[in-house]
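This report walks through the packing of one protein chain. Please keep the sequence and the structure in view while reading.

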Amino acid sequence: MRIGVPKEIKIHEYRVGLVPASVRELVEHGHELMVETMAGHGIGFDDADYRAAGATILDKAADIFAAADMIVKVKEPQPAEYALLRQGQVLFTYLHLAPDLAQTRALIESGSIAIAYETVTNARGGLPLLSPMSEVAGRMSIQVGAHCLEKERGGAGVLLGGVPGVPAAKVTILGGGVAGTNAARMAMGLEAHVVVIDKSLDRLYQLDERFGSELHTIFATRDAIEQHVLSSDLVIGAALVPGAAAPKLVTADMVKRMKRGSVLVDISIDQGGCFETSRPTSHAEPTYVVDEVVHYCVTNMPGAVARTSTVALNNATLPFALALADKGYRKALADDAHLRNGLNVHTGRVTYKAVAEALGLPFTPAEDALAL
């Protein structure tokens, strides 16, 4: 298979779809790899490293898209890339389609086969290709939240861990999944007062067993969310419905009543965000203020630590990329129901139910689409 790796063009996005070690593995399996020049330069992977791994370096993204049977990226295709996709071409990347009608229509019109990292599953019911970035985003959320609480960033001037004689800041985390758990771990490490709210009693029990009395676990009700959000210095939005739009857990009215200078970090912004006042931001301008509450809603948070994120992502995606390349996408998807769950769009048809429902588009089951 001819596999292409274009340079990411989203603002301040330095991750790359395949690192040289992954390229070498694919080349050893007999595949032809094409990498756009400077694709990994921003995180220390130079063209020479890719050549040494067996890749051909091409000058333009258009040449990569034109030649490749499968495109491996990190972020969803940007508007400038829509027209480069073609009928029958496999796109393997994060997509986050539920809140993005324009991108979904572009994928439908392209006739491509779009496989989303974030909806691939495993035997335990987890999301193995989303988890690495959720780990990074969860840990980063506390780091950036602490920074936003500083006065010069618009925050209240609060130190997360306090000091002797001064109370620690209160951090409320909405969602106890991978991102929320990593956020809790970091916040407790900084000695903040940490609350995790989740609707799964089983998950709350697991968190209690893992962290003990240092972590306060609360069952999710509207009253509980409102009570803890209004009393918090930092709120982390880490709610996830796989493949679907994130639930709006914090209303605009709640934001109006929050403490002046408090901070909201919305990890769920890729799926539309779980705060009503959220809107996508970038690393160039990461924050904005609504009702004297600082909002951090960067859609590619892990891009700030791009080398760590890229290597962690490649560790997870490489076995699936090998399966798609070695078997061809049809057999790979037929053989592996978990990889098949990643199929979001197939030659003009939406094949992921949550995306179709969120956008009001017709739904075709993946099995049916593959049989056509």
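This is a predicted model: local features need pLDDT of at least 70, side-chain atom pairs count only at pLDDT 80 or more; totals for chains, interfaces and linings use all residues.

## Nonpolar cores

Ile 115 belongs to the largest nonpolar core, which has 46 residues. Within that core, Phe 92 and Ile 115 touch the most other members. Helix α11, residues 306-327, gives the most to this core, with 9 residues.

## Packing of α6 on α11

Two packed helices are described by the angle between their axes and the distance between the axes. For α6 (residues 131-148) and α11, the angle is about 155° and the axes are 8 Å apart. Angles over 145 degrees count as roughly antiparallel, and α6 and α11 are therefore roughly antiparallel to each other.

On the α6 side, the contact is made by Pro 132, Met 133 and Val 136. On the α11 side, Ser 309, Ala 312, Leu 313 and Ala 316 take part. By type, the residues of this contact are 6 nonpolar, 1 polar and no charged.

Helix α1 spans residues 20-28. Its buried residues include Pro 20, Ser 22, Val 23 and Leu 26. Seen down the axis of α1, the buried residues fall within an arc of 155°, so they line one face of the helix. The face turned away from that buried side carries the exposed residues Ala 21, Arg 24 and Glu 28.

What covers the buried residues? The cover includes strands β1 (2-5) and β2 (32-36). Helices α2 (47-53) and α11 are also part of it. Just after α1, Gly 30 takes a positive phi of about 95°.

Met 38 is not a glycine, yet it has a positive phi of about 70°. It sits in the loop between β2 and α2. Its relative accessible area is 38%, and Met 38 is partly exposed.

Asp 291 is not a glycine either, and its phi is positive at about 55°. It is placed in the loop between β12 (287-290) and β13 (293-296). Is Asp 291 buried or partly exposed? It counts as partly exposed, at 39% relative accessibility.

Conventions: Residues are numbered from 1 along each chain as its sequence is written. Side-chain values use heavy atoms; hydrogens and water are left out. A nonpolar core is a set of buried Ala, Val, Leu, Ile, Met, Phe, Trp, Tyr and Cys residues joined through side-chain atoms within 4.5 Å. Buried means under 20% relative accessible area, exposed over 50%, partly exposed in between (1.4 Å probe, protein chains only). Helices (H or I, at least four residues) and strands (E, at least two) are DSSP runs, numbered from the N terminus. Axes are lines fitted to C-alpha atoms, for helices over the stretch in contact, and angles run from 0 to 180 degrees between N-to-C directions. Angles under 35 degrees count as roughly parallel, over 145 as roughly antiparallel, 65 to 115 as roughly perpendicular and the rest as oblique. Contact means heavy atoms within 4.5 Å. Ala, Val, Leu, Ile, Met, Phe, Trp, Tyr, Cys and Pro count as nonpolar, Asp, Glu, Lys and Arg as charged, and the others, Gly among them, as polar. The arc is that of the directions from the helix axis to the C-beta atoms.
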